[in-house]
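Please examine the sequence and the structure shown below.

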Amino acid sequence: MINISFPDGAVRQYEAGVTAMDIAKSISEGLAKKVLAAGVNNQVWDASRPITTDSHLKLYTWNDAEGKNTFWHSSAHLMAEAIEAKFSGVKFWVGPPLDNGFYYDVDLGDKKITEEDLAELEKKMNELAKQNNVYIRTEKAKADAIAYFTEKGDEYKLDLLQNLEDGNITFYTQGNFTDLCRGPHIPHTGFIKAIKLTSIAGAFWKGDEKNKMLTRIYGITFPTQKELDDYLTMLEEAKKRDHRKIGKELSIFTTNEDVGQGLILWLPNGTIIIEELEKLAKETEAAAGYKRVVTPHLAKENMYLTSGHLPYYADSMFPPMEMDGEKYYLKPMNCPHHHKIFDAEPKSYRDLPYRIAEYGTCYRYEQSGELFGLMRVRCLHMNDAHIYCTKEQFAQEFKAVNAMYLKYFKIFGIDKYVMRLSLHNPEKLGQKYVNQPELWLETEQMVREVLIETGTPFVEVQDEAAFYGPKIDVQIFSVIGREFTLATNQVDFAQSRSFNLSFTNQNNEPEVPLIIHRAPLGTHERFIGFLLEHYAGNFPVWLAPLQVKVLPISDKFMDYATTVKTALQKAGVRVEIDERQEKIGKKIREAEISKVPYMLIVGEKEATENKISVRRHGKGDAGQLSIDEFVHNIAEEIKQRKAAE
RNA sequence: GCCGUUGUAGCUCAGUGGUAGAGCACUUCCUUGGUAAGGAAGAGGUCGUGAGUUCAAUUCUCAUCAACGGCUCCA
């Protein structure tokens, strides 16, 4: 007999060789029907795997991440079985679970899979799932496994085997499909009741673009049809918030083939948002002691050799323009220009921290396949600034920048983000990162300490630093789940040396400053793209391109509507009158659809009483106010940059 | 850049080897209406672009441009 202890502290005795499934059954049949996997001494096991020693046991169901992962991993195997049944001779790479669903990378050889095939594969999967085939775990010696896949001619699984230790090699079989797999798996395929194969995509083998491209098939499965339906509905809802869709509906931006890929044309509505953001940034930066500068979009080759951009960043730069025997580059970042400004006049320690800010226009050659609406573009406007400071001043300056983020995030109500400490990769020193190993470690530690000291939760990620130093990135997710860096706060120990920047310290000696690169509002492009999704187009009043729409009941009240409009315009409010000969219901409907925060309905009643009837977007009738009251209220709401409700 | 899909009116989308349709938007007229769509008429597209096959191409083929889903890469 062995002792099995449960999360609640209970300990019960079972025969050695008992499975988690047996134990679940001994508790209740209902529970047994839901168990997908087991946690045995903090390892995830098959619920059907015999337990032979005293153990801690957790039972995982669909409600646990471990349960879902196992479910989706098993679903990947089920899909593989269906693929093998339909396409003979395919080879499989890996099929892991994802946050939502799973994929399998396959080499289809000469064959091709199309969207139409997905429906057939789903059908086959459903058929196989209904057979309640159990997932059978077997162990093999490495030599046997190698022999097995050599005979099969499966170079992918042989490659996987290379990195596995002998004695731990497991296979799983369900129905007619056997795969090299660490597991674990759900008890049988019958748990999988609802299946949707979502897309086909190419994926480089091992994620290396030099390797062959495999076919990746994505899918998602659920224990019930309802959950699948809910998931698909949720996806549809998310698509409605997509900034590309809302951006078009609200006339925020457009693109044009003749202008070029990734080059955004900001329409008047989008430009209003840009100007409001710049106003906020300029106020905030002025208060924080930044000075503003303006620099050109171009610079000569030599500067980018000095800065390190050409050695480390050339792939992201547009090719040079030649003029009078000189090569000129469009700037991918503002920093080199700013360094020249720092260097334009001698600096003493009294001038530091020297903070210069610019809404700089940068051009980056992003590969065509990476462009994505406003989130990934080739011409971007950065909320940029550089702080030149001493080592002693660094922590305080860096903290002040972090505080600035948080202040902005509060204004915008941004609360779903991940702070990422982005570190270098020592293996890529000299290629992707400047070759100064000690300075990397030293500055990374400085940044880490600032984060710890301020109690900011963060994750550390290797190989995400800038070429000139470590950084903190604020990661956000688009509605369709893509991750982006929204804001960034970076240390640069490299460029001040390469540019020979110095200041005179208190001992009358030259000293090299540290540089902080920071962009709390990121770029206009990405920030507004994010905001469109964040607010689903329902901007707070201060940001809304049109803040008030006056809706006359009929054109008899056009004069009064004009009086109202004029009063608002005088207070700096963005206001229009709907002058069309339409019924009020239609005017309201269209104002609602265009997401104008305030609709003011004016007719007989209002005109005689010198009032307006207020309707708040998304909320409906908000009662009557005098013109003066309303003007005062909205002016205050705008001034305070009140959050969207 | 790579793999795959797509490209028809301002928008959303039908459709066809014999030079195109719907709804909404737009224009005009009627209507002057009180909190999410009043009625009628009209205008609008050489079907992304270029070549090829064909008596004939928007439809088939190829190339190219762009968008979308991923991969790789990154604010």
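In this predicted model, a polar side-chain atom of E366 lies 3.3 Å from a base nitrogen of RNA strand B, a polar contact being a pair of N or O atoms within 3.5 Å. The side chain of D555 likewise places an N or O atom 2.6 Å from a base nitrogen of RNA strand B.

RNA strand B is surrounded by 60 residues, counted as near if one of their heavy atoms lies within 4 Å. The closest are K471, T485, I553, Q581 and R589. Of the surrounding residues, 28 are charged, 17 nonpolar and 15 polar; Asp, Glu, Lys and Arg count as charged, Ala, Val, Leu, Ile, Met, Phe, Trp, Tyr, Cys and Pro as nonpolar, and the others, Gly among them, as polar. Helix α18 (584–593) contributes the most, with 7 residues. Helices and strands are DSSP runs, of at least four residues (H or I) and at least two (E) respectively.

Strand β32, which also supplies at least two residues to this surface, is joined to β31 by 4 antiparallel bridges, two strands pairing if DSSP finds at least two bridges. Here I601 stands opposite S613. Strand β29 (residues 548–552) pairs with β31 in the parallel sense over 5 bridges, with L551 opposite I601.

Residues are numbered from 1 along each chain as its sequence is written, and chains are lettered from A and ligands numbered from 1 in the order in which they are written. Local features need pLDDT of at least 70 and side-chain atom pairs pLDDT 80 or more, while totals for chains, interfaces and linings use all residues, and side-chain values use heavy atoms, without hydrogens and water.

Methods:
Polar contact = N/O pair within 3.5 Å; in protein donor to acceptor, adjacent residues only side chain to side chain.
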